[in-house]
Amino acid sequence: MSTVTASSSREHRITVRSLADRKRKGQPITMLTAYDFTFARIFDSAGVDLLLVGDSLGNVVQGCDTTLPVTLDEVIYHTRLVVRGVHRSLVVGDMPFGSYQVGPEDAVRSAIRMVKEGGAHAVKLEGGTQVAASIERIVSAQIPVMGHVGLTPQSVNRMGGFRVQGRGESGRARVLEDALAVEQAGAFAVVLEGIPAALGREISRRLRIPTIGIGAGVDCDGQVLVMHDLLGLNDWTPSFVKPYANLGALASQAVRAFSDEVTNRKFPDEAHSYS
Ligand code: KIV
């Protein structure tokens with residue numbers, strides 16, 4: 001297959017270029033987390049632009065209190081499952097804690113594994129000025145990078161909990177400086193998490209690259225949610241989350257109906273048995 005044929009078959013795909021275009025045209029971008037093939041397929045065909053294989057898998061898939069125990073191998077494994085489910089969405093693999101903090105060489109090595117073994121189209125890492133050199137190094141290896149500033153869950157111990165960032169003048173200045181550093185380092189987009197809506201608006205106006213908000217107000221260039229929050233699969237959701245369904249209750253109802261029918265020998269009936 002020639003390069004031209006291969007690239008034309010990918011024309012409908014979301015790319016870092018089409019996302020930049022969306023910002024210029026003021027067209028909002030959608031992003032959701034996904035961790036497996038089945039949900040990736042559903043979200044892709046529903047038109048979600050970006051699928052993030054978030055290290056939030058530590059919370060919603062593995063049941064941990066924080067994302068800190070998640071390993072690079074685990075994110076690569078889930079990225080591989082998600083990539084198999086997409087035709088259009090751009091898949092971002094989240095660099096877990098410990099996979100880039102040692103320095104730029106460590107970061108680029110991890111990012112290359114995300115692309116080569118996981119099939120990620122881009123990677124995301126948390127932090128601003130402190131990780132700018134790592135972002136530059138990864139971008140120089142031709143891997144698109146999404147930044148993540150504000151409330152960065154991998155910094156939970158330093159922050160003393162999952163706390164809103166960017167409040168007060170010094171907080172505002174710090175988050176803004178981080179966002180500018182991420183853009184300057186060559187990131188194609190940046191997640192703004194857990195900051196006042198006014199700061200989300202200010203950063204979105206100042207940056208040329210798209211901002212994707214989560215608890216950062218309506219004026220970001222796009223929005224991201226953790227799929228379990230959106231679908232109502234968690235017992236508890238933070239106040240910035242709007243559950244659009246209650247799949248947890250539906251699943252529970254279906255399982256109870258199955259158990260009742262098995263207990264009463266109603267399942268399988270003739271229609272669901274081989275003659
Ligand atoms: O890991 C994750 O799901 C994330 C989103 C909350 C942006 O980083």
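The largest pocket holds about 870 Å³ of space, and the ligand takes up that space. The model is predicted: local features need pLDDT of at least 70, side-chain atom pairs count only at pLDDT 80 or more, and totals for chains, interfaces and linings use all residues. Residues are numbered from 1 along each chain as its sequence is written, and side-chain values use heavy atoms, with hydrogens and water left out.

**Largest pocket**
- A pocket is an open set of points on a 1 Å grid over the protein atoms alone, with protein on both sides within 12 Å along at least five of seven lines; lining residues have an atom within 4 Å of a point.
- Volume is the space filled by probe spheres set on the points, which are joined across faces, edges and corners.
- A molecule sits in a pocket if more than half of its atoms lie within 2 Å of the grid points.
- The lining of the largest pocket has 34 residues; nearest its centre are Asn59, Glu193, Asp229, Pro238 and Phe240.
- Both α4 (57-60) and β6 (189-193) give at least two residues to this lining. Helices (H or I, at least four residues) and strands (E, at least two) are DSSP runs, numbered from the N terminus.
- The lining splits into 15 nonpolar, 11 polar and 8 charged residues. Ala, Val, Leu, Ile, Met, Phe, Trp, Tyr, Cys and Pro count as nonpolar, Asp, Glu, Lys and Arg as charged, and the others, Gly among them, as polar.

**Ligand shell**
- Around the ligand are Thr33, Leu52, Gly54, Asp55, Ser56, Asp94, Lys124, His148, Glu193, Ile214 and Val226, each with a heavy atom within 4 Å of it.
- By class, this shell has 3 nonpolar, 4 polar and 4 charged residues.
- Polar contacts are pairs of N or O atoms within 3.5 Å.
- From oxygen atoms of the ligand, a polar side-chain atom lies 2.9 Å away in Asp55 and 3.1 Å away in Asp94. For an N or O atom in the side chain of Lys124, the distance to a ligand oxygen is 3.0 Å.
- On its own, the ligand has 260 Å² of accessible area, and the protein covers 96% of it. Areas come from the Shrake-Rupley method with a 1.4 Å probe.

**Second largest pocket**
- Its volume is about 520 Å³.
- Its lining has 24 residues, with Gly127, Gln130, Thr152, Ser155 and Arg158 nearest the centre.
- Two or more lining residues come from each of β5 (145-150), α8 (156-159) and α9 (168-184). The largest share, 5 residues, is from α9.
- The lining counts 5 nonpolar, 14 polar and 5 charged residues.

**Backbone points**
- Most residues other than glycine have a negative phi, and most peptide bonds are trans.
- Phe267 and Pro268 are joined by a cis peptide bond, with omega about 0°. Pro268 lies in the segment after α12 (247-263).
- Gln142 has a positive phi, near 70°. Gln142 is in the loop between α7 (132-140) and β5.

Note on methods
Polar contact = N/O pair within 3.5 Å; in protein donor to acceptor, adjacent residues only side chain to side chain. 1 Å grid on protein atoms, 1.4 Å probe; cavity = no way out; pocket = protein on both sides within 12 Å on 5 of 7 lines; lining within 4 Å.
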